[in-house]
Amino acid sequence: MAKGEGAESGSAAGLLPTSILQVGERPAQKEPKKKQQLSICNKLCYAVGGAPYQVTGCALGFFLQIYLLDVAQVDPFSASIILFVGRAWDAFTDPLVGFCISKSSWTRLGRLMPWIIFSTPLAIIAYFLIWFVPDFPQGQALWYLLFYCLFQTLVTCFHVPYSALTMFISTEQSERDSATAYRMTVEVLGTVLGTAIQGQIVGQADMPCLEDPNGSAVASEGANRTHSTNSLRETQNAYLLAAGVIASIYVICAVILVLGVKEQREPYESQQAEPMSFFRGLRLVMSHGPYVRLITGFLFTSLAFMLVEGNFALFCTYTLGFRNEFQNLLLAIMLSATFTIPLWQWFLTRFGKKTAVYVGISSAVPFLILVALMESNLIVTYVVAVAAGISVAAAFLLPWSMLPDVIDDFHLKQPHSHGTEPIFFSFYVFFTKFASGVSLGISTLSLDFAGYRTRGCSQPAPVRFTLKMLVTMAPIALILLGLLLFKLYPIDEEKRRQNKKALQALREEASSSGCSDTDSTELASIL
């Protein structure tokens with residue numbers, strides 16, 4: 001089905017006359033410009049910009065709930081409201097920021113860089129205040145809700161333009177793919193760094209467990225009440241120290257990104273008329289078939305990996321019985337993903353991106369089946385963790401590597417539609433966060449129906465079985481469904497080469513000094 005996508009997948013290059021594609025034959029034409037190469041330093045500076053989002057997101061994802069309940073001592077209902085509303089607001093801000101960026105004008109620093117520069121100092125202040133315990137207990141819930149939502153808005157103002165920056169660091173697909181591989185490697189390292197910093201500074205936050213008269217293990221309700229005021233203050237200070245270290249990393253990475261990366265404007269974009277409206281751009285983007293098929297496929301595969309991520313700690317603790325091995329297993333997954341991202345970059349360059357999707361994401365299925373069938377075994381679990389990291393690396397890399405191809409295809413079909421890059425990236429992030437919210441809701445409801453005991457040191461058999469299904473069989477079904485949808489994705493390697501040739505002709509025609517306004521209009525009409 002993916003082959004022969006008919007009119008939609010038709011080669012834009014094939015529609016161009018020979019006189020345009022073979023620009024070197026025109027006597028008045030300039031020599032084609034050399035391929036635009038990014039230095040390793042440029043790629044590293046660009047990649048470092050992905051760390052702040054991952055470091056802060058990982059720290060919040062793993063530790064915010066424990067912090068709210070045990071350190072800030074917010075009641076569980078208010079804590080659930082803070083976490084849910086913050087996650088929902090985070091998803092909503094992505095298209096909102098994408099809209100604002102699409103209305104931005106080009107400045108001396110570019111169109112995306114000002115968002116990154118001005119959001120950074122405000123974001124680190126909001127992040128630090130999330131981990132601060134105010135002196136007014138009655139308004140604590142409102143305090144954390146306000147600064148959690150504010151930080152999510154500001155980090156979105158950083159991450160959405162940073163994601164769209166992929167299209168403006170180079171006009172060469174191979175260079176963008178290479179820079180994306182660098183970025184994914186740093187982002188995976190960022191998740192490891194966020195977990196390590198937060199975990200090492202604040203220590204283990206395990207609640208003591210006691211056997212109740214009926215023989216079941218429950219958390220000691222009075223454990224927190226026995227802590228002295230000084231002990232609680234030390235814990236609060238530890239969270240503030242961790243927040244300060246992570247905030248410093250945020251600033252350093254942002255400075256490296258701004259100083260080491262130059263935002264570049266497309267040559268043909270300067271010839272366009274005034275930018276289109278956001279809603280017209282959104283309509284064009286969401287009606288672009290390759291984009292819809294790409295995000296739909298990755299929506300299901302992302303949901304699969306998020307189900308595993310969201311329930312991994314509970315699965316290790318209650319189903320496998322490895323309460324003290326969770327952080328080590330997580331570290332094994334992330335390190336495996338970090339070291340194999342260069343391998344997947346080579347693989348997609350050698351065999352194509354669609355092939356990399358099928359091989360990389362499906363490689364997790366046999367190991368998930370093994371986890372579902374095996375008894376608790378620590379050595380086998382570590383082997384599965386390393387293998388899972390290989391698949392996680394593919395899931396990290398491939399969406400961001402394939403999105404620029406979709407945008408290139410869109411530019412050829414809509415040559416007068418510029419400024420839509422933030423819409424492409426912001427709505428992909430929106431759908432990813434939507435998948436995260438769905439996975440959280442499914443997991444919580446399933447465990448509730450199975451009879452999950454809050455703060456229990458062990459869980460009944462239905463809960464352990466539910467956790468196994470959430471971490472194994474449900475992700476397998478979602479991965480297979482996502483791979484089936486990828487069969488409809490029309491941009492293969494041949495299509496990418498055709499688009500690259502047509503875009504190169506368009507750029508050379510637009511940047512040529514001998515190209516008149518009439519020629520440009522004729523070229524756009526032909527495209």
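How exposed is K413, in terms of relative accessible area? K413 is partly exposed, at a relative accessible area of 31%, where buried means under 20% relative accessible area, exposed over 50%, and partly exposed in between (1.4 Å probe, protein chains only).

**Basis of the model**

This is a predicted model, in which local features need pLDDT of at least 70 and side-chain atom pairs count only at pLDDT 80 or more, while totals for chains, interfaces and linings use all residues. Residues are numbered from 1 along each chain as its sequence is written, and side-chain values use heavy atoms, with hydrogens and water left out.

**Overall architecture**

The protein contains 19 helices and two strands; helices (H or I, at least four residues) and strands (E, at least two) are DSSP runs, numbered from the N terminus. Of its 527 residues, 54% count as buried. The protein exposes about 23400 Å², and carbon and sulfur atoms supply 65% of that area; accessible areas come from the Shrake-Rupley method with a 1.4 Å probe, and for residues only the protein chains shown count as cover. Among contacts (heavy atoms within 4.5 Å) with a separation of 6 or more, 83% are between residues 24 or more positions apart.

**Salt bridges**

Side chains of opposite charge can pair when their charged atoms come close. A salt bridge is defined as a side-chain nitrogen of Lys or Arg within 4 Å of a carboxyl oxygen of Asp or Glu, and by this rule the count comes to six. The table lists some of them.

| Pair | Closest N to O separation |
|---|---|
| K43 and E175 | 3.6 Å |
| K413 and D409 | 2.9 Å |

The salt bridge of K43 with E175 has its closest N and O atoms 3.6 Å apart. K43 lies in helix 3 (residues 40–48) and E175 in helix 8 (residues 173–202), so this pair ties together parts that are 132 residues apart in sequence. Both partners are buried, K43 with a relative accessible area of 9%. The side chain of K43 also makes a polar contact with the side chain of S178, at 2.9 Å. A polar contact here is a pair of N or O atoms within 3.5 Å; within protein, one must be able to donate a hydrogen and the other to accept it, and residues adjacent in sequence count only if both atoms are side-chain atoms. Leaving aside residues up to four places away in sequence, K43 touches L38, E175, S178, A179 and Y182.

D405 belongs to helix 15 (residues 378–413) and K353 to helix 13 (residues 353–362), so the pair ties together parts that are 52 residues apart in sequence. D405 and K353 are both buried.

The buried residues of helix 13 are K353, K354, A356, V357, G360 and I361. They cover an arc of only 155 degrees around the axis, which puts them on the same side of helix 13; the arc is that of the directions from the helix axis to the C-beta atoms.

K413 and D409 are four residues apart in helix 15, a separation of about one helical turn. Their salt bridge has its closest N and O atoms 2.9 Å apart. Whereas K413 is partly exposed, D409 counts as buried at 1% relative accessibility. D409, K413 and K495 are linked in a network of salt bridges.

F77 is found in helix 5 (residues 76–102) and is exposed, with a relative accessible area of 60%. Together with I81, F84 and V85, F77 forms a nonpolar patch on the surface, with about 410 Å² of accessible area. Patches are made of residues with over 30% relative accessible area and no salt bridge, like charges being joined within 9 Å and nonpolar side chains (Val, Leu, Ile, Met, Phe, Trp, Tyr) within 5 Å.

P95 is also placed in helix 5, and at 14% relative accessibility P95 counts as buried. The C-alpha atoms of P95 and F427 are separated by 5.8 Å, although these residues are 332 residues apart along the chain.

T156 lies in helix 7 (residues 140–164) and counts as buried at 1% relative accessibility. The side chain of T156 makes a polar contact with the side chain of T93, at 3.2 Å. Not counting residues up to four places away in sequence, T156 touches D90, T93, D94, V97, P161 and K433.
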